Number of protein chains: 2
Amino acid sequence: MSSSTIYQATASAPVNIAVIKYWGKRDTKLILPTNSSLSVTLDQDHLRSTTTSRADPSFERDQLWLNGKEDEIKPGSRLATCISEMKRLRKETVEEKDANAPKISGYNVHIASYNNFPTAAGLASSASGFAALVASLAQLYELTVSPSELSIIARQGSGSACRSLFGGFVAWQMGSSPAGTDSLAVEVAPQSHWPQMHALICVASDDKKGTSSTSGMQRTVETSPLLQHRIAHIVPERMQAISEAILKRDFDTFAQITMADSNQFHAVCLDTTPPIFYMNDVSRTIIALIVELNRVSVAKGEGYKAAYTYDAGPNAVIYALDKDIKEIVQLIVSYFPQHAREFKDRFQLFAEGADINAQTKIPEGFNEAVAKRFEVGAVKTLIHTRVGDGPRRLGDEESLLAANGIPKTLA
Amino acid sequence: MSSSTIYQATASAPVNIAVIKYWGKRDTKLILPTNSSLSVTLDQDHLRSTTTSRADPSFERDQLWLNGKEDEIKPGSRLATCISEMKRLRKETVEEKDANAPKISGYNVHIASYNNFPTAAGLASSASGFAALVASLAQLYELTVSPSELSIIARQGSGSACRSLFGGFVAWQMGSSPAGTDSLAVEVAPQSHWPQMHALICVASDDKKGTSSTSGMQRTVETSPLLQHRIAHIVPERMQAISEAILKRDFDTFAQITMADSNQFHAVCLDTTPPIFYMNDVSRTIIALIVELNRVSVAKGEGYKAAYTYDAGPNAVIYALDKDIKEIVQLIVSYFPQHAREFKDRFQLFAEGADINAQTKIPEGFNEAVAKRFEVGAVKTLIHTRVGDGPRRLGDEESLLAANGIPKTLA
């Protein structure tokens, strides 16, 4: 290769939303969890992080820009760890084995990353962000290691990022090694196994700044007497049972475990001193609606229709089969009217240009008194998406870096 | 005695608010709990149930009026059980031992009961109500049994009623007998031991009808995987530790355990399927204020100032020492302005006729951003009271029954 070769790669990676929750680290530096967790990867067509990485001998230092703004790479930080671990893999698995391989592990890198969803959406961007970082560096370095091996590195950036290295249904096995070599993500089932699995994200407006998950989970580890019981006796069984439910495409069991585990995660938050609350009155109302929807549906012999789950914030993610999403949107909008033209109808649930607030519908037999109606804006937006694939390799035309190695938005 | 003797007694009984929560029955008929609990009895000068019982050979059946409205005594009901148990005690411990004792256990009774606090205050009236019922019948029947023995009967009316048979600080020992003979209340310390213990009840407005505690606690027993751990491993230690704290008048420990146990009670509610929520955004805001108040105070080396606790509803009960109540009222009112003349200043915290909304004050160093300010009415009222005594014997001039044996309000 000539000296003008540009070593660059661009990748995108998905968001994932856990159904068995990760909450608690047994090693905060290596990010080793106190329990295994399991998530559904969401479709990158809708929500994604995109990252371009370039290695060049002219770069004076490693630099990273997130959404066009430089993010300092502090020595010893999680970001620095991920980058140096990827360089090490390049060196050990490529350069030391193939004398012809260019020695680019010694070059500094420029990295530009972009999330296509606003921070205001309240979705954790660190999972997709670190997964895209690791995926783009793996391409840049032409690594042949497995996604599970890459997940070990992504995990050290942000725990749940390891699960975004796969599409479909993904388990993060907690492992037992003190070095963390067996704390990694594995695929439970690919996207294609159960493509009918859709998700509706209800973005709740929130006045207050919540406790960060990083500090919150350690406070729970230190103070919640119930957490240890959850870790030792409850999560292992649930991991097994929900994996089987996914393999059997058993939505009823999937839904029951998903909701029970969301509840229990928030229960141990409440059992923390001082207590941590992530759900608010809007969150609780959506739970009441889903509980009543399922009650009516189960009573009719039609089984569960939806499963709510909440992360470290008030937003609901509702998992449901594609056939039931329209009914769920109509129900949610009945209680949470939307701003005009806010809803992006990606799956053509409604006629083109329809006013979603005119499409409300309460299922037959549904007890409307389970919740009160809110004002427009209490749920700011609804995002309809579905199970998706793992990190994607993108063409150079999607590069976020300009020829001079600076983000295009700044160049 | 002449045939015109009126067999009648009037008693009042206090409300109690638990600091170690009762949640779950191992026997729903006898009301035997899955764990011991502990409460503070509140002052009857402020909140009480008053009950008059009369036995008369002319009465055609047992009858009871609650707040002037007849409440049917269904066969086999908790009410029927309490009345028949009290008649049995009269028969076995008095009439069968003293041939001269009038055989009034065979007479029907008329009972009138009245709560001096509105149902809308959201305070459980069943505890004080059943305690007053049992206390008045015990007087009527001239029983010499101990309050603990009476508590066994009150317990069968409403579990927490057993704790209202004592003043001060009261433990309900869960016992182990299947017949419930050792599931009873005992005094941990009398009112006089720690009269500085005050309470501020913050009555939160609530749109929704919550899950009743009777059905809620059994759903938790049936579905919460965390409850069993709480019962077996956490409550026994906490009972011991908070009893010692009370005996040592150690407010810091008392406060920490009280708040942790309130949190954990609500955590197991959340861990229930479907989840049970009793606290709302107002409740959560009051928690945030108390946590911040204590943080500032502990940082100044002054220890804890307040302990919140929540029962099966959104109302906060804040325990604090008398010296700190004024500051707490000023803080709460800063975030929850009151309707004019709503606050009853029983302890002369403020100048006579002062507008409480003009008395707000934020402690030095307090981070005001921990919560947003609410509109007038979000906290409907504040009730300032303190630790109080057990059931009282009242004079005939306080009888609720008219000469004809019908409530005075109806006669």
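How many cavities of 30 Å³ or more does the rule count? In this predicted model, the count comes to 2 cavities.

The largest cavity has a volume of about 170 Å³. Its lining comprises 16 residues, and those closest to the centre are A:Leu270, A:Phe277, B:Leu270, B:Phe277 and B:Arg284. Residues of both chains are therefore named around the centre of this cavity, given that a lining residue has an atom within 4 Å of a cavity point. Two elements contribute two or more residues to the lining, namely helix 6 of chain A and helix 6 (251-270) of chain B. Sorted by class, the lining of the largest cavity holds 12 nonpolar residues, 2 polar residues and 2 charged residues.

The second largest cavity has a volume of about 30 Å³. The residues that line the second largest cavity are B:Leu293, B:Val296, B:Ser297, B:Lys300, B:Lys305, B:Glu327 and B:Pro363. Helix 7 of chain B, spanning residues 281-299, gives the most to this lining, with 3 residues. By class, the lining of the second largest cavity divides into 3 nonpolar, 1 polar and 3 charged residues.

The interface between the two chains was examined next. In general, the size of an interface is often given as the accessible area lost when the parts come together. Here chain A and chain B bury about 2,300 Å² between them, and 67% of this area lies on carbon and sulfur atoms. On the side of chain A, the greatest losses of area to chain B fall on A:Leu226, A:Leu270 and A:Arg284, which together account for 26% of what that side buries. A:Leu270 is also among the residues closest to the centre of the largest cavity. In terms of contact, 28 residues are drawn from chain A and 28 residues from chain B.

Three elements of chain A supply two or more residues each to the side that touches chain B: helix 5 (227-247), helix 6 (251-270) and helix 7 (281-299). The largest share of that side, 7 residues, belongs to helix 6 of chain A. The class composition of the side of chain A that touches chain B is 14 nonpolar, 7 polar and 7 charged residues.

One of the salt bridges pairs A:Arg392 with A:Asp45, and the closest N and O atoms are 2.9 Å apart. This pair links distant parts of the chain, 347 residues apart: A:Arg392 belongs to strand 16 (residues 392-394) of chain A, and A:Asp45 to the loop between strand 5 (37-41) and strand 6 (48-56) of chain A.

In chain A, the peptide bond joining A:Thr273 and A:Pro274 is cis, with omega about -15°, and A:Pro274 is located in the loop between helix 6 and helix 7 of chain A. In chain B, a cis peptide bond leads from B:Thr273 to B:Pro274, with omega near -15°; B:Pro274 is placed in the loop between helix 6 and helix 7 of chain B. A:Glu142, although not a glycine, has a positive phi of about 50°. A:Glu142 is situated in the loop between helix 2 (126-140) and helix 3 (147-157) of chain A.

Key
Residues numbered from 1 in each chain as written. Chains lettered and ligands numbered in written order. Predicted model: local features only at pLDDT ≥ 70, side-chain atom pairs only at ≥ 80, totals over all residues. Heavy atoms only, no water. Contact = heavy atoms within 4.5 Å. Buried area = accessible area lost by both parts, 1.4 Å probe. Helix = DSSP H or I, 4+ residues; strand = E, 2+ residues; numbered from the N terminus. Nonpolar A, V, L, I, M, F, W, Y, C, P; charged D, E, K, R; others polar. 1 Å grid on protein atoms, 1.4 Å probe; cavity = no way out; pocket = protein on both sides within 12 Å on 5 of 7 lines; lining within 4 Å. Points joined across faces, edges and corners; volume = space filled by probe spheres on them. Salt bridge = Lys/Arg side-chain N within 4 Å of Asp/Glu carboxyl O.
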